[in-house]
Amino acid sequence: MGITFSTSSGPLRALDGVSLAIRPGEFVSLLGPSGCGKSTLLRLVADILAPTDGMISVAGDVPASARRRRAFGFVFQDATLLAWRDAERNILLPLEIASDTHNARQRAQRLLELVGLAQFGGAYPWQLSGGMRQRVAIARALITEPQILLMDEPFGALDEITREYMNLELLRIWEATRTTILFVTHSSPEAVFLSDRVVVMGTNPGRVKLDLRVELSRPRDPAMKETVEFARHTAALRRALVGETRPA
Amino acid sequence: MGAVQVAARVAPTRRASPTTRLLVPALGILGVLSYWELHIRFFKVPAYLVPAPSLIAQTFVEEWPTLQRNLGATVIEAAGGFFIGNAVAILLATLFVHNKTMERTLFPIAVAVRTVPIIAIAPILVLLLGNGYAPKIVIAALISFFPTLVNMVRGLEAVEASALELMRVLSATRRQILFKLRLPSSLPFLFAALKISTASSVIGAIVAEWIGADTGLGYLIVVSTFEFRTGLLYATTAVASFLALGLFLAIVVLERLVIRWQPEAPKR
Ligand SMILES: Nc1ncnc2c1ncn2[C@@H]1O[C@H](COP(=O)(O)OP(=O)(O)OP(=O)(O)O)[C@@H](O)[C@H]1O
Ligand SMILES: [Mg+2]
């Protein structure tokens with residue numbers, strides 16, 4: 001599967017020959033240097049973009065129909081909250097659009113608690129810190145209980161402690177909902193800690209360089225980050241990434 | 001000793017107290033008026049050339065029934081034109097954002113209408129629509145219409161690309177995108193345009209009354225000029241500016257009520 005953007009400086013091959021198969025319920029991370037097409041790949045899966053060649057299938061369906069039955073939750077690189085809605089009403093947006101009002105406010109409140117913002121339902125985006133905004137965006141993506149969760153560097157703006165806490169929360173949510181997660185990150189320890197598989201991508205054009213199965217037992221425990229096993233995984237990812245930045 | 005030491009206290013930003021904030025401009029205005037009054041008394045400037053503030057105030061009180069009657073007509077024309085002009089602009093902007101062909105067809109016409117000087121179309125409209133409220137309302141509408149159209153199109157299109165992507169992932173309909181995303185994010189742009197429109201709709205109504213009317217502030221201005229009732233002329237002018245100011249303040253209050261999600265000092 002590939003995609004070519006037409007730009008003012010001619011066609012740009014953003015992804016080329018990318019082939020990925022993700023099992024239902026699997027947690028897959030995408031890792032790679034800036035501009036290698038990670039965000040583009042998520043947009044293709046969510047039917048925000050269409051591939052120029054090749055095909056994508058989501059649960060045996062084309063992405064467009066998966067999108068229309070609201071199979072996706074998407075967390076964007078920037079939180080993308082609506083400035084005129086408070087946190088709770090931002091979280092409620094997907095339900096409003098789907099005209100699904102059943103217990104809507106309780107569900108929003110439960111998600112606010114889940115992301116640790118129970119007291120902030122009435123706060124407007126400008127009153128929240130960057131990390132808090134991102135957590136509201138995660139709650140918004142979860143409220144429709146999506147079959148597939150696409151997350152574009154959701155924790156990039158968080159401090160390390162909050163990030164670790166959110167990682168554990170995400171794993172807990174994932175285990176409880178058995179949703180499939182495609183997760184973009186720049187941190188190899190985060191990728192190893194969370195994922196069943198880590199896909200390393202390279203640039204020019206964007207392609208898959210390494211598809212690493214993570215051989216750590218579940219449930220994951222932060223203490224695992226200090227094990228030799230863990231270090232072996234991050235080292236493999238680092239080698240794949242570094243090989244990328246050196247000219248061939 | 002470190003290379004950088006931080007020992008700062010953040011003092012609350014000092015703002016002028018409400019009395020000072022009102023007192024200072026009030027004193028300024030009072031100063032100008034006193035000078036005006038004294039200058040005219042001292043140099044014995046004839047009242048038909050420039051009336052003293054005291055004479056204007058006196059005329060204001062004495063002629064209030066006349067002023068009020070004519071103000072009523074101008075309010076109807078300016079407010080009517082303001083509503084119609086802005087409503088049409090908002091609807092057209094919404095149409096343009098959803099239909100590029102429409103925009104390409106109609107926008108040049110809107111620009112063309114805009115480039116004809118309002119003073120030049122006024123007599124034509126009076127000929128077409130008679131001497132009543134209609135031509136004044138149309139002129140006030142024409143003059144308020146264009147800034148709102150341009151600003152509203154910009155506002156409706158000023159949505160973040162990722163917000164549109166979010167709407168797409170949520171499979172929102174075009175209607176939902178309009179009401180839940182485009183319209184709310186265009187509101188700051190709309191209010192900026194509405195504030196411009198308040199003054200221009202009053203101008204439109206008065207200019208239209210100059211051409212042909214038997215009532216209204218514009219009519220009163222023409223009559224009092226020809227009859228050398230300069231006190232009345234100045235009083236009428238003051239009423240016209242108060243009208244524009246009143247409409248402007250009404251929009252400011254409405255904006256405060258509607259846009260509640262922004263911090264005190266808005267970013268845009
Ligand atoms: N709409 C577009 N039109 C043209 N080129 C695009 C478009 N979107 C992305 N690109 C290009 O495609 C390439 C991949 O972009 P993408 O945003 O997917 O990178 P990324 O891996 O997410 O990077 P980062 O880690 O910085 O977020 C870049 O070279 C970018 O310039
Ligand atoms: Mg990206």
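# Guided tour of chains A and B

Begin by selecting helix α6 (residues 160-177) of chain A, which lies across β3 (27-31), β5 (148-152) and β6 (180-185) of chain A and runs at about 160° to β6(A). Axes here are lines fitted to C-alpha atoms, for helices over the stretch in contact, with angles from 0 to 180 degrees between N-to-C directions; contact means heavy atoms within 4.5 Å. Helices (H or I, at least four residues) and strands (E, at least two) are DSSP runs, numbered from the N terminus.

This is a predicted model, in which local features need pLDDT of at least 70 and side-chain atom pairs count only at pLDDT 80 or more, while totals for chains, interfaces and linings use all residues. Residues are numbered from 1 along each chain as its sequence is written, chains are lettered from A and ligands numbered from 1 in the order in which they are written, and side-chain values use heavy atoms, with hydrogens and water left out.

## The sheet of chain A

Next, display the open sheet of 6 strands in chain A, ordered β4-β5-β6-β3-β7-β8 with mixed pairing. Two strands pair if DSSP finds at least two bridges between them. At the edges are β4 (72-75) and β8 (207-213) of chain A, each of which pairs on one side only. On average, neighbouring strands of this sheet are turned by 15° against each other, direction ignored.

Zoom in on β7 (residues 197-202) of chain A, which is joined to β8(A) by 6 bridges in an antiparallel arrangement. A:Val199 has A:Asp211 as its bridge partner in β8(A), and A:Met201 stands opposite A:Val208. The hairpin of these two strands has 4 residues between them, and A:Asn204 takes a positive phi near 50° there.

A:Ser39 belongs to helix α1 (residues 38-45) of chain A and A:Gln77 to the loop between β4 and α3 (87-97) of chain A, so the pair ties together parts 38 residues apart in sequence.

A:Ser39 is buried, with a relative accessible area of 16%, whereas A:Gln77 is partly exposed at 43%. Buried means under 20% relative accessible area, exposed over 50% and partly exposed in between (1.4 Å probe, protein chains only).

## The helices of chain B

Move to helix α8 (residues 174-211) of chain B: a straight helix of 38 residues would span 56 Å at 1.5 Å a residue, but α8(B) spans only 45 Å between its end C-alpha atoms. The expected span is 1.5 Å times one less than the number of residues. Centre the view on B:Leu187, where a kink of about 45° lies shortly before B:Pro188; the bend is the angle between axes fitted to the seven residues ending there and the seven starting there.

Compare α10 (residues 230-258) of chain B, whose 29 residues reach 42 Å from first C-alpha to last, close to the 42 Å expected. Its buried residues, including B:Leu243 and B:Ile251, pack against α2 (53-62), α3, α8 and α9 (217-226) of chain B.

Finish at B:Leu247 in α10(B), partly exposed at 22% relative accessible area. Leaving aside neighbours within four places in sequence, B:Leu247 contacts B:Thr198, B:Ser201 and B:Val202.
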